[in-house]
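Please take a moment to look over the sequence and the 3D structure before reading on.

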Amino acid sequence: MRNKNGFTLLEVLVATMIMGVAVAGLLNTISAAAHNAARLTQYDRAVLLAKSKMDELLAEPKLQRNAPLTGQFDPAQTGGVPCSWQATITPLDTIPGAAPGYWVVDRIALEIDWMDGTVKHGFALEGFRRGVLQ
């Protein structure tokens, strides 16, 4: 009787096929994770830009109410991704019979839009500030 050491050709082929399926699944998972990471990076960047713009709008008391404000972010800040913003400042609450010099609560609605290839993404922020009627 002979002692056989090693694997048969059929066993090697089955093992190779199983490894191929596992590697293909792993590569698909890695690709999806990389895509999600890139998407989340864009959202994080947009959130930081929106927060910065909202802080500017909240701090500037001389901005005109009920007039649309628009602009583009610097491509150096957006990583080369086209990113724009639109804002509107509206009086939210005033005292009945309010005249110039009275306090008012302003609502600032800010929308951020950016492109990811051919897909347009965006989100909206809302802030409130105290102001004086002019």
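Two strands are said to pair if DSSP finds at least two bridges between them, and the strands themselves (E, at least two residues), like the helices (H or I, at least four residues), are DSSP runs numbered from the N terminus. What you see is a predicted model, in which local features need pLDDT of at least 70 and side-chain atom pairs count only at pLDDT 80 or more, while totals for chains, interfaces and linings use all residues. Residues are numbered from 1 along each chain as its sequence is written, and side-chain values use heavy atoms, with hydrogens and water left out.

Four strands make up an open sheet in the order 1-2-3-4, and their pairing is antiparallel. Strand 1 (69–72) and strand 4 (119–132) stand at the edges, and because each has a single partner strand, one side of each is left without a neighbour in the sheet. On average, neighbouring strands of this sheet are turned by 20 degrees against each other, direction ignored, where the axes are lines fitted to C-alpha atoms (for helices over the stretch in contact) and angles run from 0 to 180 degrees between N-to-C directions.

Going through the sheet strand by strand, strand 1 pairs with strand 2 (residues 83–94) in the antiparallel sense over four bridges, and Gln72 has Ser84 of strand 2 as its bridge partner. Strand 2 is in turn joined to strand 3 by eleven bridges, again with the two running antiparallel, and here Ser84 has Asp113 of strand 3 as its bridge partner.

The next topic is the nonpolar core. In soluble globular proteins, nonpolar side chains tend to be buried together. A nonpolar core is here a set of buried Ala, Val, Leu, Ile, Met, Phe, Trp, Tyr and Cys residues joined through side-chain atoms within 4.5 Å, and buried means under 20% relative accessible area, with exposed over 50% and partly exposed in between (1.4 Å probe, protein chains only). The largest nonpolar core holds 15 residues, of which Phe73, Cys83, Trp85, Leu110, Ile112 and Trp114 touch the most other members. Helix 1 (9–59), strand 2 and strand 3 each supply at least two residues of this core, and helix 1 gives the most, with five residues. Leaving aside neighbours within four places in sequence, Leu110 is in contact (heavy atoms within 4.5 Å) with residues including Ala50, Met54, Leu57, Trp85 and Phe123.

Which aromatic rings are linked into a cluster by ring pairs? The cluster consists of Tyr43, Trp114 and Phe123. Rings of Phe, Tyr and Trp (its six-membered ring) pair if their centres lie within 6.5 Å, and planes under 30 degrees apart count as stacked, over 60 as edge-to-face and the rest as tilted. A search of the whole structure finds two aromatic pairs. The rings of Tyr43 and Trp114 have centres 5.1 Å apart and planes at 90 degrees, so this pair is edge-to-face; it links distant parts of the chain, with Tyr43 in helix 1 and Trp114 in strand 3, 71 residues apart. The rings of Trp114 and Phe123 have centres 6.0 Å apart and planes at 75 degrees, so this pair is edge-to-face as well. Trp114 counts as buried at 3% relative accessibility, whereas Tyr43 is partly exposed at 28% and Phe123 is partly exposed at 21%.

Trp103 and Arg130 are 27 residues apart in sequence and 6.9 Å apart in space, C-alpha to C-alpha.
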